Amino acid sequence: MLSLSIREVSAALREGRLSATELCRRCLNRIKKTRCLNAYITVTEDLAMKQAQEAELRLSRGKPLGPLDGIPFSVKDNFCTENIETTCASHMLRGYFPPFSATVVQKLLDQGAVLVGKTNLDEFAMGSGSIDSVFGPVRNPWSYSVSYREQSGKQDPDSDWVIAGGSSGGSAAAVASLSSFMALGSDTGGSTRNPGSLCGLVAVKPTYGLLSRHGLIPLVNSMDVPGIMTRTVQDAATVLGVLQGRDEKDSTTVESPDSPSSLPEEFDVRDICVGVPKEYHAPGMSAETLAQWGRVVALFERAGARVKEVSLPHTQHSIVCYYVLCCCEVASNMARYDGLQYGHRSTVDSSTEALYATTRHEGFNSVVRSRILAGNYFLLKQNYDRYFVKAQQIRRLITEDFRRVFQSGVDVLLTPTTLSDAARYSDFIQEDSRTRSAQEDIFTQPVNVAGLPAVTVPTALSNRGLPISLQLIGQSFQDMKLLTVANWMEQQLDFPIIRFHDDAAARERDRQTGPGMRM
């Protein structure tokens, strides 16, 4: 049941073959069973059961609020949720209970979706592995899968687990571990697509302005967007259709496009031109990722789509551009945490300056502090033109690269999402956060710089039994067209559903002893 798509579960709920309370209870039990993943910071068990009961009553009367009524979901813990602790996985915001919910969260609740919990992340969404959280690192559910255990030969995955990706690793782990049918993440430089890729999910980064940022605790205002994680493209399209649209509380949002809010039943891939950026053949890309990229390119060609190599010449400058702009906006956004208005407040109060300094030292980890320091350095009067203004100029050139390619007749771009499959935690922590982020964000952050939509789709399992995914990039506000192509691609690839070792062992016991005998 928990491995079904949102569309399938929604149909079962409406037809009375499944109750919303039973579905919610199974998800909550799954959360308890997979506690070792550390995917959740807060589990809203009582609230979830109350919401599920209300959904069940509506469904029994044949009056569902929408396609998501009764569907369990989770939310990254940097989205405000009314009267539910919102921490950003930091010491600074522990004990903060917002008086309102983020617009995208409220839209899901208004549709009758059931909130089962808030998920773990890198502190203030700064990272690419979901390991820099005050609540500890997130583990990739595929570490406990049958495929990984068989390929690695490890009998104890606790000693050899792989990262979930970041910074929305908790949301990805929640959906991949089958404890949630959909999850919200945030995407500033790839923070939804990166963990989505490593956890074998469909992860969507919408066009900037299509979804409201109100209530998303800001990291980089000019690049932040709420992201969507599901197990199928069709499910992602359903959620996107619910969340998109203008919000008077966010001046950067726009009205929903005229395009349909659902994917078309018929699609002819021969009408599509797929661009393959030559600059994305990056150093360090694994042979398996390159092979999957080539395999899917050939798949499009055989189906009759036009495929051509394109050039995005300023891609090589994107990481540096992103880093400078990110740090500058982080320095500005983090200034609000001064120990006076909300959040952590140091007991050292010998002076106002001492209170500020010790509060921020105690409340932020080293990754956050380093970005604040770098951002303030870039924004110094003598450095402003050399760093911030120059980065904005490069940003314009990167955006123009994409615009020129799409004006040449290309409909979507096909690229890798990450350099390889998920790294072992023990290997990942050997490098510092800045180096890791620069490596992991190389394919994803140019999309945020340009404000374009993108989606990552799992393609196959690596020789280690871990997911490998590819990314499709679309034109601004043509998100549904992008997902239509992604849906076709997903159907051709037939990516396997995750199978957990414990579940497989239980099924074998059932086979030997008969149903109803499981302990």
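## Terms and Basis of the Model

A residue is called buried when its relative accessible area is under 20%, exposed when it is over 50%, and partly exposed in between (1.4 Å probe, protein chains only). Helices (H or I, at least four residues) and strands (E, at least two) are DSSP runs, numbered from the N terminus.

The model described here is predicted: local features need pLDDT of at least 70, side-chain atom pairs count only at pLDDT 80 or more, and totals for chains, interfaces and linings use all residues. Residues are numbered from 1 along each chain as its sequence is written, and side-chain values use heavy atoms, with hydrogens and water left out.

## The Sheet

The structure contains an open sheet of 11 strands with mixed pairing, in the order β1-β3-β2-β4-β6-β5-β10-β11-β9-β7-β8; two strands pair if DSSP finds at least two bridges between them. At the edges stand β1 (40-43) and β8 (306-310), each with a single partner strand, so one side of each has no neighbour in the sheet. On average, neighbouring strands are turned by 30 degrees against each other, direction ignored.

Strand β2 (residues 72-76) runs parallel to strand β4 (residues 182-187), and three bridges join them. Phe 73 has Met 182 in β4 as its bridge partner. Helix α6 (residues 169-176) packs on the sheet and touches β1, β2, β3 (114-119), β4 and β6 (225-230). The direction of α6 makes about 160 degrees with that of β4; such angles run from 0 to 180 degrees between N-to-C directions, and axes are lines fitted to C-alpha atoms, for helices over the stretch in contact. Another helix, α17 (residues 479-493), lies across β5 (202-205), β9 (412-416), β10 (454-461) and β11 (467-473), and runs at about 5 degrees to β10.

## A Covered Strand

Is strand β7 (residues 273-277) mostly covered or mostly uncovered? Five of its five residues are buried, and the strand is mostly covered. On one side lie Cys 273, Gly 275 and Pro 277, on the other Val 274 and Val 276, and both faces are covered. Five bridges join β7 to β8, and the two strands run parallel. Within this pairing, Val 274 stands opposite Val 307 in β8.

## An Enclosed Helix

Helix α8 (residues 233-243) is largely enclosed by the rest of the structure, because nine of its 11 residues are buried. Among the buried residues are Val 233, Ala 236, Val 239, Leu 240, Val 242 and Leu 243, and also Gln 234 and Asp 235. The helix is followed by Gly 245, which has a positive phi near 125 degrees.

Helix α4 (residues 103-110) packs against α8 at an angle of about 105 degrees, with the two axes 9 Å apart. The helices are therefore roughly perpendicular to each other, a term for angles of 65 to 115 degrees, whereas angles under 35 degrees count as roughly parallel, over 145 as roughly antiparallel, and the rest as oblique. Val 104, Lys 107 and Leu 108 of α4 make the contact with Val 239, Val 242 and Leu 243 of α8, where contact means heavy atoms within 4.5 Å. These residues divide into five nonpolar, no polar and one charged. Here Ala, Val, Leu, Ile, Met, Phe, Trp, Tyr, Cys and Pro count as nonpolar, Asp, Glu, Lys and Arg as charged, and the others, Gly among them, as polar.

## Aromatic Rings

How many aromatic pairs does a search of the whole structure find? The search finds 14. Rings of Phe, Tyr and Trp (its six-membered ring) pair if their centres lie within 6.5 Å; planes under 30 degrees apart count as stacked, over 60 as edge-to-face and the rest as tilted. The rings of Phe 378 and Tyr 387 have centres 4.9 Å apart and planes at 40 degrees, so this pair is tilted. Phe 378 is buried, at 8% relative accessible area, while Tyr 387 is partly exposed, at 24%.

Ring pairs also link Tyr 96, Phe 124, Tyr 337, Tyr 342 and Phe 364 into a cluster. Tyr 342 is located in the loop between α10 (318-333) and α11 (352-363), and is partly exposed, with 31% relative accessibility.

A cis peptide bond, with omega of about 10 degrees, joins Gly 166 and Ser 167. Ser 167 belongs to the loop between α5 (146-152) and α6.

Asn 38 is not a glycine, yet has a positive phi of about 60 degrees. Asn 38 lies in the loop between α2 (20-33) and β1 and is partly exposed, at 22% relative accessibility. Asn 83 likewise has a positive phi of about 60 degrees without being a glycine. Its place is in the loop between β2 and α4, and Asn 83 is exposed, with a relative accessible area of 57%.
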